[in-house]
Amino acid sequence: DAGVIQSPRHEVTEMGQEVTLRCKPISGHDYLFWYRQTMMRGLELLIYFNNNVPIDDSGMPEDRFSAKMPNASFSTLKIQPSEPRDSAVYFCASATGIMAKNIQYFGAGTRLSVL
Amino acid sequence: AQTVTQSQPEMSVQEAETVTLSCTYDTSESDYYLFWYKQPPSRQMILVIRQEAYKQQNATENRFSVNFQKAAKSFSLKISDSQLGDAAMYFCAYTGYNFNKFYFGSGTKLNVKP
């Protein structure tokens, strides 16, 4: 299996622009997570899905952030409009729950720079 | 509230020596999972080892082992025969048994000296 695939690896944009981050989970995994990593705040869980349904989005910082999972093999995290403070590495992870002992498998991350 | 604390922001170890990274957590649950993840400069998060709270036996994966003290809510990682490739950030993580809680510690940067 190719693992969790995220695109793009790097994104540089200007303040006010819309940014879309993409994630393809491991086939067969029914959980998908979006994390944000910064030096100041460490690794934060933004939102997670189970069977394509958002379960907990309490970590989403504000209305500028939205996430969707239209099917089991694809998810997006969108920031509109983007701000410099959104600069971070965004990780997607997937898992299969209890039977697989709750192991989350991470993608390589997207480094976002908002100028 | 559940939290995960790593009190050592940075540590150093000589190659071939042993080092222990500390992690404590707070939870009101009796069943849960604990993990150590490694993040090298490539930034890829890699699972190092996993412990199920209902198992008393400490998990071991080759040179990596844990000291799980459930009553003390402590979960330390021991790396034996340290190698240069072990240099990375190490994160302690907690997930609830029903996969409804996810917490990561702030990380410990491990330096390995040749």
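Start by selecting B:Cys23 and B:Cys92: both are buried. This is a predicted model, and in it the two cysteines form a disulfide with their sulfur atoms 2.0 Å apart. Look along the S-S bond of B:Cys23 and B:Cys92 and you'll find a torsion of about -70°, so the disulfide is left-handed. B:Cys23 sits in the loop between β3 (19-21) and β4 (24-26) of chain B, while B:Cys92 is in strand β10 of chain B, so the bond ties together parts that are 69 residues apart in sequence.

How many disulfides does the structure hold over all chains? Two. For the one in chain A, select A:Cys23 and A:Cys92, whose sulfur atoms are 1.9 Å apart. The link of A:Cys23 and A:Cys92 is left-handed, with -65° about the S-S bond. Here A:Cys23 belongs to strand β3 of chain A and A:Cys92 to strand β9 (residues 88-95) of chain A, 69 residues apart. Are these cysteines buried or exposed? A:Cys23 has a relative accessible area of 1%, so it counts as buried, and A:Cys92, at 0%, is buried too.

Keep A:Cys23 selected and look across to A:Ser75 in β8(A), which stands opposite. The strands here are β3 (residues 19-24) and β8 (residues 74-79) of chain A, paired in the antiparallel sense over five bridges. Now widen the view to the open sheet of four strands in chain A, ordered β1-β3-β8-β7, with antiparallel pairing. At the edges are β1 (5-7) and β7 (65-71) of chain A; each has a single partner strand, so one side of each is left without a neighbour in the sheet. From one strand to the next, the twist averages 15°.

While you're in chain A, pick out two prolines. Most peptide bonds are trans, but the one from A:Ser7 to A:Pro8 is cis, with omega near -10°. You'll find A:Pro8 in the loop between β1 and β2 (10-13) of chain A. Another cis peptide bond joins A:Gln80 and A:Pro81, with omega about -10°; A:Pro81 is in the loop between β8 and β9 of chain A.

Next, A:Asn52. This residue is not a glycine, yet has a positive phi of about 75°. Its place is the loop between β5 (42-50) and β6 (53-56) of chain A, and with a relative accessible area of 29% A:Asn52 is partly exposed.

Jump to B:Arg43, where phi is near 75°, again a positive value in a residue other than glycine. B:Arg43 is in the loop between β5 (32-39) and β6 (46-52) of chain B and counts as buried, at 8% relative accessibility.

B:Arg43 also leads you to the interface. Together with B:Phe99 and B:Phe102, B:Arg43 supplies 40% of the area that chain B buries against chain A, more than any other three residues. About 1,900 Å² is buried between the chains, with carbon and sulfur atoms giving 58% of that. To show the whole contact, select 20 residues from chain B and 24 from chain A.

Last stop: B:Ser82, in the loop between β9 (74-79) and β10 (88-96) of chain B. With a relative accessible area of 1%, B:Ser82 is buried. Setting aside neighbours within four places in sequence, its contacts include B:Val13, B:Thr18, B:Arg63 and B:Val112.

Key. Residues are numbered from 1 along each chain as its sequence is written. Chains are lettered from A and ligands numbered from 1 in the order in which they are written. This is a predicted model: local features need pLDDT of at least 70, side-chain atom pairs count only at pLDDT 80 or more; totals for chains, interfaces and linings use all residues. Side-chain values use heavy atoms; hydrogens and water are left out. Buried means under 20% relative accessible area, exposed over 50%, partly exposed in between (1.4 Å probe, protein chains only). Contact means heavy atoms within 4.5 Å. Two strands pair if DSSP finds at least two bridges between them. Axes are lines fitted to C-alpha atoms, for helices over the stretch in contact, and angles run from 0 to 180 degrees between N-to-C directions. A disulfide is a pair of cysteine sulfur atoms within 2.5 Å. Buried area is the accessible area (1.4 Å probe) that two parts lose on being put together, summed over both.
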